[in-house]
Amino acid sequence: MAGAKEIRTKIKSVKNTQKITRAMEKVAISKMRRAQVRMTEARPYAEKIRRTIAHLSQANTEITHPFMAERPVKRIGVLVVSTDRGLCGGLNTNLFRALTRSIREWRDQGLDVEYAVIGSKGLGFFRRVGGKVVAQNSQLGDKPHLDQLLGSIKVLTDAYREGRIDRLYLASTQFVNTMTQRPGVRQVLPVEVDANAVKLADNWDYIYEPNATELLDTVLQRYVESQVYQAVVENVASEQSARMVAMKAATDNAGKIINGLQLAYNKARQASITKELAEIVGGAAAV
Amino acid sequence: MATIEIDIVSAEGQIHHGQASMVFAPAEMGEVGIAPRHAPLLTRLKPGAVRVKQADGSEQAFFVGGGILEVQPHLVTVLADTAIRAKDCDEALATEAKRRAEEKLSNAKSDVDLAKAQAELIQAVALADFLTKIKKSTH
């Protein structure tokens, strides 16, 4: 019965694992719903500020804010949004793969890159592959708040203002739906204006109070912040749905393993009974 | 009567969307009133109430904790830093926040804390003012 006993212990341990994965799946489902709500709530602000910027780009201003001006690119800043925890399928791996592709391209063009990282998985990635990390934020929890992100954002926008970087990218996972999350690297600065924005009348300008430079600065800073915030809430929603899918698959796989082991256990039990019977019969015949 | 489209949004959600005959907002240089076909204007907002006067003469008020105001002839956009619906505001919460901010102010260590606490205090005071006004108008 030795084989059978081993199998029984194994079944028990797989069952325990299955319990854990099932619980994680349930937790991820409920967290995902809330994360999706937060994501949709953040959308109007991002849309409206994009619209304001589209208007701004059409205004006849005498000043051009550095955030809106293209300049020769020598150095690049990238803000990487990753998760804090693992067990969420290929979410971070896919993001890092997309990021590595971009990094290789930039390297081929001879550009310097520096990073700001949100989430401990991203930090782990840069610890492994190396890279100049200038700012870092992690343990944001399930309800990330803008306040927590401001520091990292400011490091990069200041670098942009001072000319230490000439372009700012955002590497993050976009939430498409529960089954699909798309990793991508998007340009944030200089601001790319939406080409299909409503055309306003020609030759006008805003009345700026108190003054144009300061206001543009505030608007564009808020714009970057809203883009990052949007990316972070989307990342949380993606993380939860990826975890839900991964844990569902794990639970199903555990079920399959248990079935296989159960079959093996039954066979082993049967074999040992047959063997015992044969021994008894053999013994009786010998007497 | 001519109306103007008004959008009030914060990073945490859409606060208000609709038509208005007049919008009042606490701009940095003083309160501004915006009627339809106002000239394009861009300004920062102080913490305070954005009041939306509807075509039927009724008025709705929204608290904003600062932000940006963009005016186009047909459109007013309020990009609020934090905006809470007036009726959802809890007076006790405001007082609590004020007390907390004051506490922080009294034992703040670094300049950053101090600056943050001061900003929080200004917001809390504005919110408390706003709530007392609302209370008066409803009673």
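A cavity is a set of points, on a 1 Å grid over the protein atoms alone, where a 1.4 Å probe fits but cannot get out. Grid points are joined across faces, edges and corners, and a volume is the space filled by probe spheres set on them. By this rule the predicted model has 1 cavity of 30 Å³ or more.

The largest cavity has a volume of about 40 Å³. Its lining residues (an atom within 4 Å of a point) include A:L79, A:I153, A:Y169 and A:V228. By class, 9 are nonpolar, 1 is polar and none is charged. Helix or strand, α4 (146–161), β4 and α5 (212–286) of chain A each give at least two lining residues.

Now turn to the contact between the chains. Contact means heavy atoms within 4.5 Å. Chain A brings 25 residues and chain B brings 25. The buried area, meaning accessible area (1.4 Å probe) lost on being put together, summed over both, is about 2400 Å². Carbon and sulfur atoms give 62% of that. A:Y45, A:I207 and A:E209 supply 24% of the area that chain A buries against chain B.

There are 3 salt bridges between the chains. Each is a side-chain nitrogen of Lys or Arg within 4 Å of a carboxyl oxygen of Asp or Glu. One of them joins A:E214 and B:R44 at 2.7 Å, N to O.

How confident is the predictor? Chain A averages a pLDDT (confidence in each residue, from 0 to 100) of 87. Among its elements, strand β3 (residues 132–137) has the lowest mean, 81. Strand β4 (residues 167–175) has the highest, 93.

Residues are numbered from 1 along each chain, and chains are lettered from A in the order in which they are written. Local features need pLDDT of at least 70, side-chain atom pairs count only at 80 or more, totals for chains, interfaces and linings use all residues, and side-chain values use heavy atoms, without hydrogens and water.

Terms used:
pLDDT = per-residue confidence, 0-100. Helix = DSSP H or I, 4+ residues; strand = E, 2+ residues; numbered from the N terminus. 1 Å grid on protein atoms, 1.4 Å probe; cavity = no way out; pocket = protein on both sides within 12 Å on 5 of 7 lines; lining within 4 Å. Nonpolar A, V, L, I, M, F, W, Y, C, P; charged D, E, K, R; others polar. Buried area = accessible area lost by both parts, 1.4 Å probe.
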